[in-house]
Amino acid sequence: MKTCECSACEIEKRVNVRKELILIFSGSFLFFFGFIFEKKLHHFSIFEYLVFLTGYFLTGYNVLLKAIRNIFKGKFFDENSLLSFATIGAILIHELPEALLVMLLFKIGDFLENISINKSRKRIKALIEQKPSLANLKIDNNRIENIPVERLKSGDIIIVRPGEKIPVDGKILKGQSLLDMSALTGEFVPKRKREGDEVLAGMINNGEGVLEIEVTREFKESYISRILKMVEIAEERKSRTEKLITKFARYYTPVVFIIALSIMILPPIFLKESFSKYFYRGLVLLIISCPCALVISVPFSYFITIGVLAKKGILVKGANFIDTIRNVKTIIFDKTGTLTEGVFEVIDVKSFNGFKNDEIIKFSAYAEFYSNHPIGASIKKKYKGNFDLSLIKNHKEIAGLGVFAEVSGKKIFVGNDRFLHENGIEHKLCIGEGITVHVIIDGIHAGYFVISDKLKKEAKECVLLFKREGIKVGMLTGDNEFFAKMVAERLNLDFYKAGLLPSEKLEEIEKIVEKSKGKIAFVGDGINDAPSIKRADVGIVMGALGQDIAIENGDVVIMSDNLLKIPEFLKISKNTKKIVLENIIFALSMKIFLTVLGSIGIAGMFSAIFADMGVLLIVLLNSMRIIK
């Protein structure tokens, strides 16, 4: 989907549409004029040829030029070559109306197809690339200047008033408001954003507040631009069905072409029949053999599906994943932030070995200061004091275990039970109603936090929908056995594994791949789960709004946190397959049926035209059902 946004290109597109319409109307007028006065024109053959051939070249010059270029490239059996051979043959045997009608209907079909595709592209761009042309740049406290969005640079300050779109990625410096994020997530419930929150291009200020935003990325580098590029790539990656149809057409067309030539040549030689009669039958077969309905309708169906999914906040990196999801027999979920809310809250604090609650809260909050993990955020929220960042040194995150930092000269570790066992740190038994996070200060177990995390409200329904489809549902998590088992039992999962590091999750995925008879899908947050997401046949990233790493690693990106988007993706995929199969069966049936009739002389040129352009228009209209 290579598109240009400049006004000159839009004007050129409109001019091309007008030009195509003029050619179609001119060709139609000449056809009906010639058809009505055909008997009179026969008396003056020069006028007959003038009328029909003028219409023929007006509507078919593009087809003829492409056919000539393709012949020089060694491509003899594409639709342009076949139409050219057939119509020139019709002219040679004085079937001028049929020759013009074939080109005219092909022109109309091609025009309607381009209109449909352009509408789909505009729909995708309207949903994804929500870019205003101007931005309100703050020059100083008293002056605001409207400038083109392309001139914004990182560090600029912009003003976004109620009702305006946010033009670039940024961070709110002042103000708060409700933001409509439907263009990015497919969800229509606005969310409140406050000072310090990140915002993305395409969000709409749907509330009452004026926002002052610092630009963090130029538009060409913004998150929404990367999404648009992802959709472009998706269109270029063919599905398995598309590849099979292309391969089929490569062999099917030459075979029918040879059959048509045989009908033209053999009966007149061996049966002493009229040459013109069998030559005409061969021309009919040439038009019938054009594989337009197959090679156009299948990719067109997948193109529409990509647009429909984008509208719902489901981005796919290729049409091939629309096929793959249908063959998934096992789907595996991460737990925290995927099946559960990922919004944590400290509900209890225990301290011992001479430490006090306030101490472990303060040291833990400092140690977690640079961490983006939701658990770390809940601990920082528990601390009510101010931070002095000069006290923090040597901060580092230990994958699958926790975080370490030196705070005021003390060595602080905040993490899970596994770290205690691996480092031989003595500790008391501590199991609460939530996640247990231990605090070690200078090698001494100082206490622990109990942090709650709840299941997403749609998690049960999501699992149930997959089970109804005969898909096994499992969970791989870095959380401890107690909480993993609790989630697995509440959701009635088929299997689960707990206490896994990212590398161990990958090992489990490998084992499941070896045992499974079908495809594997993995659903995670795109950060710690990156290796597993990449290894699965379909890697699905949840709640990926603003996550650069999600765009890099995910095969399918769910922009919102709604788990029901995944079974919805499966449903749309199955519907696409159904419609594609309908198109293939209908197109092939009509081709075979009319080929037989054409071979024995029952089907004429008008039947051949229906078999080509008529069938194409029918399957394209059927493909449009995907939108509903």
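Start at helix α17 and show what surrounds it: its buried residues pack against α12 (335-339), β16 (435-441), α16 (459-468), β18 (472-476) and β19 (495-497). The model on screen is a predicted one.

**Helix α17**

Select residues 481-491, which make up α17, and colour the buried positions F483, A484, V487, A488 and L491. Looking down the axis, these residues span an arc of only 135°, so they lie on the same side of α17. Then step past the end of the helix to N492, which has a positive phi of about 55°.

**The loop at N416**

Next, select N416, in the loop that links β15 (410-415) to α15 (417-422). Is N416 buried or exposed? Its relative accessible area is 19%, and buried means under 20%, so N416 counts as buried. To see what is around N416, show G400, L401 and H438, its contacts once neighbours within four places in sequence are set aside.

**Helices α9 and α21**

Move to α9 (residues 275-289) and α21 (residues 565-599) and display both. Two packed helices are described by the angle between their axes and the distance between the axes. Here the axes come within 9 Å and cross at roughly 175°. Angles over 145 degrees count as roughly antiparallel, and α9 and α21 are therefore roughly antiparallel to each other. For the contact itself, show side chains on both helices: α9 supplies R281, V284, L285, I287, I288 and S289, while α21 supplies K591, L594, T595, G598 and S599. Coloured by class, this contact has 5 nonpolar, 4 polar and 2 charged residues.

**The sheet around β1**

Finally, select strand β1 (residues 134-140) and strand β2 (residues 143-148). The two run antiparallel and are joined by 6 bridges. They form a hairpin, with 2 residues between the strands. Within this pair, pick L137 and look across to E145 in β2, which stands opposite.

Which residue of β3 stands opposite N136? It is I159.

Strands of a sheet pair through backbone hydrogen bonds, either parallel or antiparallel.

Terms used: Residues are numbered from 1 along each chain as its sequence is written. This is a predicted model: local features need pLDDT of at least 70, side-chain atom pairs count only at pLDDT 80 or more; totals for chains, interfaces and linings use all residues. Side-chain values use heavy atoms; hydrogens and water are left out. Helices (H or I, at least four residues) and strands (E, at least two) are DSSP runs, numbered from the N terminus. Buried means under 20% relative accessible area, exposed over 50%, partly exposed in between (1.4 Å probe, protein chains only). Contact means heavy atoms within 4.5 Å. The arc is that of the directions from the helix axis to the C-beta atoms. Axes are lines fitted to C-alpha atoms, for helices over the stretch in contact, and angles run from 0 to 180 degrees between N-to-C directions. Angles under 35 degrees count as roughly parallel, over 145 as roughly antiparallel, 65 to 115 as roughly perpendicular and the rest as oblique. Ala, Val, Leu, Ile, Met, Phe, Trp, Tyr, Cys and Pro count as nonpolar, Asp, Glu, Lys and Arg as charged, and the others, Gly among them, as polar. Two strands pair if DSSP finds at least two bridges between them.
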